[in-house]
Every structure is written in structure tokens, then in C-alpha cells.
Amino acid sequence: MYLSRVSVFALIAFVATSLHAAAPQPPIDAAADAARQRIRPEAIAAHIHFLASDLLDGRETGTHGFDVAAQYVAAQFAALGLEPMGDRGGWLQVIDFRRCELIDAESSLVVRQSGSAQALIAHQDCLLHADPLRERTEVTAPVVFVGFGIVAPELGYDDYTNIDVRGRIVLQLTGAPPKFPTDQRAYYSSNEIKARVAADRGAIGVLRLKTSVDETRYPFAKMARQSGIAPMVALDAQGRPLQSIEDLRGAAAISRSGAEILFRGAPMTVDAVLAAAEKGTTRSFALATEATITTRTRLQTARSANVVALLRGSDPVLRNEYVVFSAHLDHLGRHAVDGTERIYNGALDNGSGIASLIEIARAFSSLGKAPRRSILFVAVTGEEKGEQGSQIFASRPPVPAGAIVADINMDMFMALYPVADLIAFGSEHSTLAATLQRAAAHLGLPISPDPNPEEVRFIRSDQFSFVKAGIPSIIIKGGTKSGDPAIDGEAATREWLHNVYHTPKDNLAQHIDFASGATYAQTNFLVGYLVANANERPRWNNGDFFGERFAKHKAAGVKDGIRESKP
């Protein structure tokens, strides 16, 4: 039964994509071609060199370094003759945040079994999470293992069947069963969705253990090294943290060593649980363990801002519809690494996206006639804090929400070598697939399939905030094909993600192929140009999982938001 459902989903997606691919596309005319060629490698390089300089201290949300970067982007937009679309006629959409700093010395996770107690070692066995709602909280309860912690009715899957978690602390695996279709695997991998499901069933705390796949992708040890980077949560109009869950009074990530302690006396060993997870055959059961999670959090207020600019469209009717180009301006700031304070410069993550955003705005501004639809250029804050800035923008845009027809997001283009192909996350969900194919073909770039669908990258950047608002969205990444036969693109990408991503090594000392960066920006420009000039706005494919879940829920007034940080 399960396999037949997957086959039906795949068939629907294939047929829908094929039908939409045949839809007529507006031409890439001489004016567009001339404008995209104004996006030069030298300009991409100049922006990245400023944004990733030590002067900006890593552009962490809520810091002076970020504010300098925001003023730089605003100045670039102003020089291009764009219109400010922030608060009170300015360039900035200001957002209030709550900074949540865990006080390690006063926080703990203690496990009790057969009358004996053992404190897990912070940064070795566990990483406790700061509480955005309370400065002091403590919860003691039995621990229940709930597999992946997922309830997916449309797939006939429920990790909570025949298990009672009321008044319990649940232990969940990260990710989702590998047999899930890619879209559902991405959606249900969300920690936020899982936390809400647990709370709805009466759980009062959450512990998370990485699957073998997730541990390889983003090891616990790397998380521990970066645990000094305090989370920040955007506040809603009532001053409450976004997606806060009052009933969950403790949370922590558990390492393999911590899991060995928690699973003592359990019906299955940690090895058996992780092996079963690789096959998607987990089962839920109570552990012979009670845990006490004590959390002490220092709560502080902070402010940061999205930078928002407008190029008004030329069509008297379609100018009231908007295409959004987005990229996140923030990175990780300045923090201690192995006892030494270092700057996380964020050259590729996401200096590359902001450089592209500015130069795409320049290309549009150079057109003799503006495109038919209006264009919004948005440099968002708080992506590294969980897509906070983009969520605020998507939920509170400066234009009517229903007038935004598409989001084209740019995040961390890894120009490590002459990039010879592209990967598009999200295009398969809407008619944006045909638009991207047209743009990429014009530049002679093939579109390759996602080589690592288990990493569910579609939900791990700002485009997903727009998806949750019911807006068709896309994010283009560089593929692993190298134009230089001496460079193994796949190996270079894997090495960068493992050793450079989210470390101080993502700086100006690394090799960056700025020519590839310019081509990447040109591709995004052409996609936006085609969308802005098309007779019809982009549409979700018939039966698409995200279109059905978010676009229809939005129309019905149903809230279904999640937050998921990049690894």
C-alpha cells in the first residue's frame, strides 16, 4: 500500500511538471541579455570582499557589524535609484528579537535509573537548549523513545501509535524515514513540526538524537564547538517569540555517548535503533529512565532589520504584482573557537547571495524599460537564527501578501571551481521549473537532480518562509560538475561542507571562482525577468505536497508554520 502511494505521488508530480513545462515562456530578448551581461565577476568580488571583511565582525544578527552591512546594502540600492520599502519610508524593516543565552553553570541534564543518578556532561553527552520564554525552568519526567517523532496521516505513518507521552519527556531521532517521498521527508524532518506534535500529545520536554546520516552531515562535535553562538528569536506583535511552545519546558540535543546512558535497560540498543532508522523501521517504547532538565537562560532584547527595495513594474495592471529576490545578510559573528576568539566571516555563506542580489538589482535597473511586474529586493536578517527575518517579511510584507507571485532565494553559492551545472531546490513544485530550464539553457547550463535528497535542503533556507506563506519559491545552487577537469567538483563540495561550512575558514583566503558567481547571478536574474514578464503568475503543480499544504491552508486561514535552521 505504501509503495503504491509513493508511485501515485511520483506520477502526479511528473505529469504536472511535464504539462507545465509546455507552457509558453516570454522571450529572453536583447535587452535582458544585455542587462544580465552587466553582472560582472569583478562586482561580485568587490561586494564579497567588503561583506566578508573583518571590519564587519561576521555580521551576526543584532550586532554593529550587521548594521554596517545593512547600511552598505541600502546605499547600493539607493545608488541604483530603487525605492525604499522599509518602515516609515526607509530602507529597513526593523525586527525586535530576544537573545537567549544559556547559562551553562546553572543548567543540567540528570538521568536516573534504578535509583542511581548520573549527570550528562555538557558539550560531550548533551547540548541543552536555551528557553526563549523563561529565565528559569525545570522539568522531571520519565523518558519515552518515539522514533522519528512523526505523524504523517497521508502516508499512514504515526510514531505515537500505542505510546502515551502525556507528562513525559520524548526522545526523538532527527530527520525522517528514508522511504518517505522527498517532499514529505523534507517537511517532516522539521524539529519545529516534531516539537508541536509532541506537545499536542502531552509531552513536556524533548530530547533529540542524530541519525547516522545526520551525524555524518553535521556532527554533534561541530554543534558543540558552536554552542556559544546564542540563539535569537524574532518577536511577534505581542512581544512573544515566534513558534514558542509553552508546554515544552526543556530541550536538548543528545550525543551518541549520551544516548548510551539514556538507553541502558531499554528494549533496544542505540546501535539497533540507529540501524532500524536507516531502514525506516523504528518503533516507540518507554525507556527505563527518568530525566531532569534544568535550564537557566539569560534573556536580552535586540534589534535587527531586513533591507527592502522596490523596482516598480511598467505594466499598469501587473505592476501591482511582485517578484521577490531574497538573500540573507547575516552570518555567525565573532566567537571563541578552541579557546581563541575568531571571526566567522561568511564569504560564501552568504556574502555570495547578497553580492548576487545587489548585482541583479543593478541589471534590472539598467533595463531601458522595467519589467511588467514589480521587483522586491530583500536582504534578510536572522537566517542563521532560524529564517527569522524572512518569516517576518513573508508574514508582514510591505505590499499585499497575495500580490507576491514568487520568491527567488539565493544562499551560499559555492563557487569553489568553474561550476558547470546547477541544482534547483523547489522548482519541481511549481511552474518555476520551466522558467528555470529556459534561463539555464540560455546560458548553456544543465540542471542536475539533487544529489543528496536526505539533506532536505529545500526547507533549510529563507525560501521556505515564502513557501509557508503559499508563495511558489526556488533556490538555485551550484552543482558538482566542474569545468576544470583537474578539479573533482563532488569531492571539493564535500570537503568544503565538512571542513569550511560554518567555520572561520569561510573567509577571503579561500579560492572563490567569481566568474561562476557572476554566471549564477545572471541565471537568477533571467529567472526573475521571465517571471516578471510572463502573462501568468507562477502556479503550484496540481497535487503538489507543499502547494496543497500551504497555499490551500493559507486560503482557508489555517496556520501551519515551521522553523528549521540550516545544519
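Modeller: Let's take α3 and α11, whose axes come within 8 Å and cross at roughly 135°. That angle makes α3 oblique to α11; angles under 35 degrees count as roughly parallel, over 145 as roughly antiparallel, 65 to 115 as roughly perpendicular and the rest as oblique. The axes are lines fitted to C-alpha atoms, for helices over the stretch in contact, and angles run from 0 to 180 degrees between N-to-C directions. Helices here are DSSP runs (H or I, at least four residues), numbered from the N terminus.

Please keep in mind that this is a predicted model, in which local features need pLDDT of at least 70 and side-chain atom pairs count only at pLDDT 80 or more, while totals for chains, interfaces and linings use all residues. Residues are numbered from 1 along each chain as its sequence is written, and side-chain values use heavy atoms, leaving out hydrogens and water.

Now back to the pair: α3 passes α11 in a right-handed crossing, the near helix being turned clockwise from the far one by less than a right angle. On the α3 side, the contact (heavy atoms within 4.5 Å) is made by Ala43, Ile44, His47, Ile48 and Leu51. From α11 come Ala347, Gly351, Ser352, Ile354, Ala355, Ser356, Ile358, Glu359 and Arg362. These residues divide into 8 nonpolar, 4 polar and 2 charged. In that count, Ala, Val, Leu, Ile, Met, Phe, Trp, Tyr, Cys and Pro are nonpolar, Asp, Glu, Lys and Arg are charged, and the others, Gly among them, are polar.

Looking along α3 itself, residues 41-51, you will find Ala43, Ile44, Ala45, His47, Ile48 and Leu51 buried, meaning under 20% relative accessible area with a 1.4 Å probe, protein chains only. The buried residues of α3 pack against α4 and α16 (514-533) as well as α11.

That brings in α4, residues 64-79, which packs with α11, residues 347-365, at an angle of about 15°, with their axes 10 Å apart. α4 and α11 are therefore roughly parallel to each other, and α4 passes α11 in a right-handed crossing. Tyr72, Val73, Gln76 and Phe77 of α4 meet Ile354, Leu357, Ile358, Ala361 and Arg362 of α11. The residues of this contact comprise 7 nonpolar, 1 polar and 1 charged.

Conventions: Helices (H or I, at least four residues) and strands (E, at least two) are DSSP runs, numbered from the N terminus. Buried means under 20% relative accessible area, exposed over 50%, partly exposed in between (1.4 Å probe, protein chains only).
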